[in-house]
Amino acid sequence: MVLAAGLGQRMRPLTADTAKPLLPLLGRSLLDHALDRLAISGVEEAVVNAHWCAPRVAEALAAREGTPPRLRLQLEPELLETGGGLRRALPRLGEEPFAVVNGDAYWLDGPKPALALLAQYFDPARMDALLLLVRTSQVEGEVGRGDFFLDGAGRLRRPNGAEVAPFIFGGVQVMAPALVVSEPEGRFSLNRCFDRAIGAGRLYGLVHDGAWFHLSTPSDLARTERRLRAGLLSHWR
């Protein structure tokens, strides 16, 4: 699933009349980049949700007809946030683990595609979700106190008190339906499910071995465009 329903408020004014995943980078939308990554990793079908500027998202998906993966649009007249959107999509996603990508996530793979690595290491017997992590020391942009600590077994926890966590969530994961199936339908953040999984020792992380880009504000997007066009990251894919 690709999460493309957010308001993208920090990216204003660029998102005043378009969805954030439709913003261009290197001549293609962020949404196209995310769907291409899914296709490269062997994903054959994807659900894309839409709320803000939903007709434009629908047009973008229609323009990809015939290009993998096959796409199913989930319109959300009311904003459901990340968790609520996933919960509504479960009947379309099936009973097996699946990949979830934020529609504004942009990354370059290392030696092996990140999505393929997540699928390889995801173990439903031990995990409700396996998140792609990025070292905060490698991120240009505001990361606050970070998102997670990672223990020797790969389990995650949140920072406590004044702690500063060394990893942030990269907006890419593989998860089991069990992570959200117990939630009532409606609006809620996926962070609520993450916290419950942490309490059960079932939220895990995998550190990204490629490049990842923080795209929160217009200046983030412009900086990333400059760096990529300058060829500063040509050793990544």
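The bend at a residue is the angle between axes fitted to the seven residues ending there and the seven starting there. Keep that in mind for the first panel, and note that everything here comes from a predicted model.

**Panel A. Helix α3 and its bend at Arg 87.** The bend comes to about 30°, and a proline, Pro 91, follows within four residues. What about the span of the helix? The buried residues of α3 are Gly 83, Gly 84, Gly 85, Leu 86, Arg 87, Ala 89, Leu 90 and Leu 93. They pack against a list of elements including β1 (2–3), β4 (45–50), β6 (98–102) and α5 (190–199). After the helix comes Gly 94, with a positive phi near 90°.

**Panel B. The buried face of helix α2.** Ala 54, Val 57 and Leu 61 are the buried residues of α2. Looking down the helix axis, these buried residues fall within an arc of 60°, so they line one face of the helix. Turned away from that buried side are the exposed residues Pro 55, Glu 59 and Ala 63. The cover over the buried residues of α2 includes α1 (30–40), β4 and β5.

Panel C. Arg 64 sits in the loop between α2 (54–63) and β5. Is Arg 64 buried or exposed? Its relative accessible area is 6%, under the 20% cut-off, so Arg 64 counts as buried. Its side chain makes a polar contact with the side chain of Asp 32 at 2.8 Å. A polar atom of the Arg 64 side chain also lies 2.9 Å from the backbone oxygen of Pro 68. Setting aside neighbours within four places in sequence, the contacts of Arg 64 include Leu 35, Pro 69 and Leu 71.

Panel D. Side chains of opposite charge can pair when their charged atoms come close. A search of the whole structure turns up 19 salt bridges. One of them joins the side chains of Arg 37 and Asp 109, at 3.7 Å from N to O. Arg 37 belongs to helix α1 and Asp 109 to the loop between β7 (106–108) and α4, so the pair ties together parts 72 residues apart in sequence. Arg 37 is buried at 15% relative accessible area, and Asp 109 is buried at 4%. Glu 45 forms a salt bridge with Arg 70, with the closest N and O atoms 3.8 Å apart. That pair links distant parts of the chain, with Glu 45 in strand β4 and Arg 70 in strand β5, 25 residues apart. Glu 45 is partly exposed at 39% relative accessibility, while Arg 70 counts as exposed at 51%. Asp 123 forms a salt bridge with Arg 126, where the closest N and O atoms are 2.9 Å apart. Here Asp 123 is partly exposed at 24%, and Arg 126 is partly exposed at 37%.

**Panel E. Asp 128 in its loop.** The loop in question runs between α4 (114–121) and β8 (129–135). Asp 128 is buried, with a relative accessible area of 13%. Leaving out neighbours within four places in sequence, Asp 128 is in contact with Phe 122, Met 175, Ala 176, Ala 178, Leu 179, Ala 197 and Arg 202.

Terms used. Residues numbered from 1 in each chain as written. Predicted model: local features only at pLDDT ≥ 70, side-chain atom pairs only at ≥ 80, totals over all residues. Heavy atoms only, no water. Helix = DSSP H or I, 4+ residues; strand = E, 2+ residues; numbered from the N terminus. Buried < 20%, exposed > 50% of the residue type's maximum accessible area, 1.4 Å probe, protein only. Contact = heavy atoms within 4.5 Å. Polar contact = N/O pair within 3.5 Å; in protein donor to acceptor, adjacent residues only side chain to side chain. Arc of directions from axis to C-beta. Salt bridge = Lys/Arg side-chain N within 4 Å of Asp/Glu carboxyl O.
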